[in-house]
Amino acid sequence: MAMTKTNDTIDLPTAINKASKNGKKHSITKMEVATEDDEITLEDLAPDGGWGWIIALATILVFISTISPTTSFAIIFGDFIEASGQAGMANSLFNSVFMITYSLASLLTNTLLKRYSARSVGIMGALLFSIPDIVLAFVRNIYDMAFLFFIQGFGTGLFFTICNTIFNAYFVKKRAKVMSASQVIISLGGIVYPSLTEKMMTMYGFRGTAAIMGAISLNSIVGMSVMHPVEWHAKKPEEVRAERARKKERKFQQQLTLSNRRSTIGANHVSSKARWSSLRSLKEENGTDVSLLLETVKPTAYRVASISAIEDEIHERTRSESIQKNLTRRMSVVSASSLVNLATSVALSDIHQHHLHEKQHKERQVDKEIQEKEEKQDNEEKQEQEEEKGYKTVLRELLDMSLIKNLGFLNLCFGISFVCTSDYGFSSLLPLMMSDAGYTKGDAALAITISGIAELVSRVLLTMFTLIVDVKAKYLFFGAMIFMGFARTGFLLCEHTLVGVLIMTAIIGTVRSWLIVPQPLVIIEDIRIEQFASAYGIFAVISGLVTIIFGAIVGFIKDWTNSYKIYQVSLLVLNCAFIIPWALQFIFIDLKKWRTQRMQKISANSLSNNHQWM
């Protein structure tokens, strides 16, 4: 049975309609659906499980041993930095040198992955992070720390990009759910590390505690060693096609049962068709009478045709005999003089052809010389073009120019960079801000612990929310960006009481989870898998530039004013800087795209319903 096909998809309503007309509703077999050759993409081949669960556990191990201890950085090195008298400058200096190498490493990861395996690049990044983390226990001043952060930034850029790229390649359908669950487990480090750090500080001092934290970061090497390429565990194309065939068959069966139910409603319509078919049968009977009349006339027509054919044959024979007589007479008239003239003309033609051959040979030699000169010029031009292409290919390996030209992508990258710079600046100096307000280190550790617990609970709720509601990560991040502005304002107004500080840090931790969890997904939400590494590299460059420039400006403002309140106001401005640009993008681009897709879906549903009622 023929099935209408549009854009590699089976038009099921049309197939159902044809089946109902022909009385062959069960003629579509499984093989007809399974042999449909649809395009297979990398997203279709993603395992969405299997070794992907090992990748998720490895990502959790890497982040818990490297990223989570940063919440305790100010507890460990707070007194050491305050003793230098340049806390604001030191914080901006550390962030700047870290982000410089972090951006470069993230940008180079795409090129390194084309020459080395993801596992080897990730292990190298883990080593570059862990070794300086241990050496931090022996620093003498803030400049030694800045140099070690310079090296750590390069390692973080490598393993962070590898973890996100491989994780997002292994999970497509379950990406948001597994990412949320992983972030929940990672947030446990934010609860454990502050209390653990405070106890270790009393036992081992800040240098011994720093050495222990560096030893913990060595676990990241184990995590990066299990980062297998997704090609090793990808689904087979046959399995994907079989799964698609099963889905299409189920959909077809549903459409078929729905059409059978609706056929009972249109019984009157069928009876009218029966009346029309009876009228057609009457017309066909009248047509058979005319055909009988034609059959009686046929024999006489055949006899007349045979007599005319015999006469035409006799006429053709007489005509061919007269033509042969004329030809023999003309051949006898040819004279000897005509033969001489023919011979002379042949000789002259031979001389003329020889002259032409010589002329053509000379022209060929001239053409060869011209071609050689042109080939030399072409080779020189090709060499120049190859040199230009060499620079362009290197640039293309580092950057995906289609992403650079995508203004929506750049808008998202800048917005996330401003928010993350503001959040890191606040969380890294929170113990110092509380110390400036008259609170103890124990109070600061308690505030960080409460913030971590609130963040953990919020991530659990976020995971449940993503299971129930299907919403894009960038909309979650946008809402959290707005709420974080209100939470920071509340902390600024309530920092004079310990209860107010604890409540507002709990709210900030709750909102932070809605920033951190969807943040890796916002960047790659609307792009292809093969662009993931380049997208993270471009984002790292933008984030580095924002941290270097605006982080330094905020640190300078703090040291110049010597006020943590002005410092908080500056961070609040950074957090809210891209609320309006994001809102404009969602209104004029995303909303328009959503309306177009909705209209297309409505029109497709109406067409399918019309096909079913026919």
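Is Asn562 buried or exposed? Asn562 is exposed, with a relative accessible area of 63%; exposed means over 50%, buried means under 20%, and partly exposed is in between (1.4 Å probe, protein chains only). Asn562 is placed in the loop between helix H21 (532-561) and helix H22 (564-576). Its phi is near 55°, a positive value in a residue other than glycine.

The structure is a predicted model, in which local features need pLDDT of at least 70, side-chain atom pairs count only at pLDDT 80 or more, and totals for chains, interfaces and linings use all residues. Residues are numbered from 1 along each chain as its sequence is written, and side-chain values use heavy atoms, with hydrogens and water left out.

## The chain as a whole

The secondary structure of the chain comes to 23 helices and 2 strands. Helices (H or I, at least four residues) and strands (E, at least two) are DSSP runs, numbered from the N terminus. Of the 614 residues of the chain, 39% count as buried. The accessible surface comes to about 35,400 Å², and carbon and sulfur atoms hold 64% of this surface; such areas come from the Shrake-Rupley method with a 1.4 Å probe, and for residues only the protein chains shown count as cover. Among contacts in the chain with a separation of 6 or more, 86% are between residues 24 or more positions apart. A contact means heavy atoms within 4.5 Å.

Thr197 is found in helix H9 (residues 175-216) and is buried, with a relative accessible area of 0%. Not counting residues up to four places away in sequence, Thr197 touches Ser72, Ile75, Ile76, Thr209 and Met213. With Ser72 there is also a polar contact between the two side chains, at 3.2 Å. A polar contact is a pair of N or O atoms within 3.5 Å; within protein, one must be able to donate a hydrogen and the other to accept it, and residues adjacent in sequence count only if both atoms are side-chain atoms.

Leu476 is found in helix H18 (residues 473-494) and counts as buried at 12% relative accessibility. Its contacts, not counting residues up to four places away in sequence, are with Leu462, Phe465, Val471, Trp514 and Pro518. Leu476 and Pro518 are 42 residues apart in sequence, and their C-alpha atoms are 7.1 Å apart in space.

## Aromatic pairs

The structure holds 24 aromatic pairs. Rings of Phe, Tyr and Trp (its six-membered ring) pair if their centres lie within 6.5 Å; planes under 30 degrees apart count as stacked, over 60 as edge-to-face and the rest as tilted. Phe77 and Phe206 form an edge-to-face pair, with 5.8 Å centre to centre and 75° between the planes. Phe77 lies in helix H5 (residues 73-84) and Phe206 in helix H9, so the pair ties together parts that are 129 residues apart in sequence. Phe77 counts as buried at 3% relative accessibility, whereas Phe206 counts as partly exposed at 22%. Ring pairs link Phe73, Phe77, Phe80, Phe94, Phe149 and Phe206 into a cluster.

## Salt bridges

A search of the whole structure finds 9 salt bridges. A salt bridge is a side-chain nitrogen of Lys or Arg within 4 Å of a carboxyl oxygen of Asp or Glu. The table presents examples.

| Asp79 | Lys441 | 2.2 Å |

Asp526 lies in the loop between helix H20 (519-524) and H21 and Lys474 in helix H18, so their pair ties together parts that are 52 residues apart in sequence. Asp526 is partly exposed, with a relative accessible area of 48%, whereas Lys474 counts as buried at 3% relative accessibility. Salt bridges that share partners join Lys472, Lys474, Asp526 and Asp590 into one network.

## A nonpolar surface patch

Ile580, Leu584, Ile587, Phe588, Ile589, Leu591 and Trp594 form a nonpolar patch on the surface, with about 730 Å² of accessible area together. Patches are made of residues with over 30% relative accessible area and no salt bridge: like charges are joined within 9 Å, nonpolar side chains (Val, Leu, Ile, Met, Phe, Trp, Tyr) within 5 Å.
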